[in-house]
Amino acid sequence: MTQAKFQLVGSLLRPANLRQYKTEIEQRDDISYPFYDALPGYQETETADIKEIVAQQKAHDISPLTDGEFGRSMWHLDFIWGLQGIERYIAQQGYTFQDHEEGDFETRKDIGIRITTPLSGKNHHFLDIYKLVKAEAGDQPTKQTIWGPAHAYTELAIFDELAGPDQVYKTNEELRAGLIGAYKEFLSEYKEAGGEIVQFDDCLWELFDASNPLTPFAGLSNEQLAGLADDFIAINNEVADYGHQIGLKVWTHNCRGNYESRSATGGTYEAIAKKFLANQHYDRFFLEWDNDTSGDIKALEALKDKDAEVVLGLLSSKTTDLDDEERVYKLLEEASQILSKERLFLSHQCGFASCDSGNELAIPQQWKKIEQGQKIAEKFWS
């Protein structure tokens, strides 16, 4: 039991032989997802590395198992690239993250998206990867991590403005319906492929904290911000409810961005807990709590009347050093005074390689940090 109390969010550092293909993908928009036809040797390398990372997770008693996100370049966009009706291109600029000291840091630029035809989630390549993971996992549990639907909608409709008179979808409402439909199609086929757990990854909740200095919603009134948050939650809940309807366990992971050990934004859980924790229909919440940015652990009180489990991301996947165990035990103890220990788990705040370049640590350091997390969980829950 205590082994499973430590959880991996999903992604792990890619080996060099796989990263060389991912680097080439980043520089080109003349090739189409999943890129195998354009890059000789890529599919064979990816398949071999996925088999190896599943074996390594099994050797480390990790459960549930994933592909380590080796089958994608970025934690979120590969899912959208795999939908029918999507065209990818290299944009003028990447996402803006916070640099280590001060100022801004720009990510890779192949983040441009066009919608060319109505969206569909059928025959998604992620299912091919999932079937490989499931075959390698044997009788051990597996999970599939994908981009949270409300985050995807917000980026496509609000940030990128991909609905309008000259677009495939004339209004944001049409785009919303089309995107939700594509997610439901994917989930149906995932269930048919033997899927049991889906985890929606999402980085935008804290943008709805009005005190967050890095939110793009700063010009909205409190009423407008609350209305947008309600729309966001409604999208996630419609897809989560459908997942439950067809028999899936539906989890979510939230953080404030993770790109080469950098974060994108701030904001606390206290500010958004009443909506984003209390009102979302997830079975398990992976939450980022590796530093003081997240605010007081008392935000968990918003979940007291729910059955949902909570994975506390008290450890950092962004640093080379092992984590402060005294701090971790202290916060685990505080959390267990709010929610029962049976409902709690421990993890790092995010994966180790949300994008293929990975965080700024080496693979051996990654496994040492994972082993530390497992030892802490063993001691706390035994």
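Student: How many aromatic pairs does the count come to in this structure?

Tutor: A pair of aromatic rings is described by the distance of the centres and the angle of the planes. In this predicted model, with ring centres required to lie within 6.5 Å, the count comes to 25 aromatic pairs.

Student: Which residues form one aromatic cluster?

Tutor: One such cluster is formed by Phe 159, Trp 205, Phe 208, Phe 217, Phe 232, Phe 276, Tyr 282 and Phe 285.

Student: How many helices and strands does the protein chain have?

Tutor: The protein chain has ten helices and eleven strands. Its radius of gyration is 20 Å, close to the 21 Å that the globule rule gives for 382 residues, so the chain is as compact as a globular protein of that length. Along the principal axes, the C-alpha atoms fill a box of roughly 55 × 50 × 45 Å.

Student: What percentage of the residues of the protein chain count as buried?

Tutor: Burial is read from relative accessible area, with under 20% as the cut-off. Of the 382 residues, 57% count as buried. The accessible surface of the chain comes to about 15,700 Å², and carbon and sulfur atoms account for 45% of it.

Student: Is strand 8 largely enclosed or largely open, and why?

Tutor: Strand 8 (residues 249–254) is largely enclosed by the rest of the structure, because five of its six residues are buried. Strand 7 (residues 197–202) pairs with strand 8 in the parallel sense over six bridges. Within this pairing, Trp 251 of strand 8 is the bridge partner of Gln 199.

Student: Is Ser 316 buried or exposed?

Tutor: Ser 316 has a relative accessible area of 7% and is therefore buried. Ser 316 is found in the loop between strand 10 (309–315) and helix 9 (325–336).

Student: With which residues is Ser 316 in contact, leaving aside its neighbours within four places in sequence?

Tutor: With those neighbours set aside, Ser 316 is in contact with Asp 290, Asp 323, His 348, Gln 349 and Lys 369. For the chain, among contacts between residues at least 6 apart in sequence, 78% join residues at least 24 apart.

How values were computed
Residues are numbered from 1 along each chain as its sequence is written. This is a predicted model: local features need pLDDT of at least 70, side-chain atom pairs count only at pLDDT 80 or more; totals for chains, interfaces and linings use all residues. Side-chain values use heavy atoms; hydrogens and water are left out. Rings of Phe, Tyr and Trp (its six-membered ring) pair if their centres lie within 6.5 Å; planes under 30 degrees apart count as stacked, over 60 as edge-to-face and the rest as tilted. Helices (H or I, at least four residues) and strands (E, at least two) are DSSP runs, numbered from the N terminus. The radius of gyration is taken over C-alpha atoms; the globule rule is 2.2 Å times the number of residues to the power 0.38. Buried means under 20% relative accessible area, exposed over 50%, partly exposed in between (1.4 Å probe, protein chains only). Contact means heavy atoms within 4.5 Å. Accessible areas come from the Shrake-Rupley method with a 1.4 Å probe; for residues, only the protein chains shown count as cover. Two strands pair if DSSP finds at least two bridges between them.
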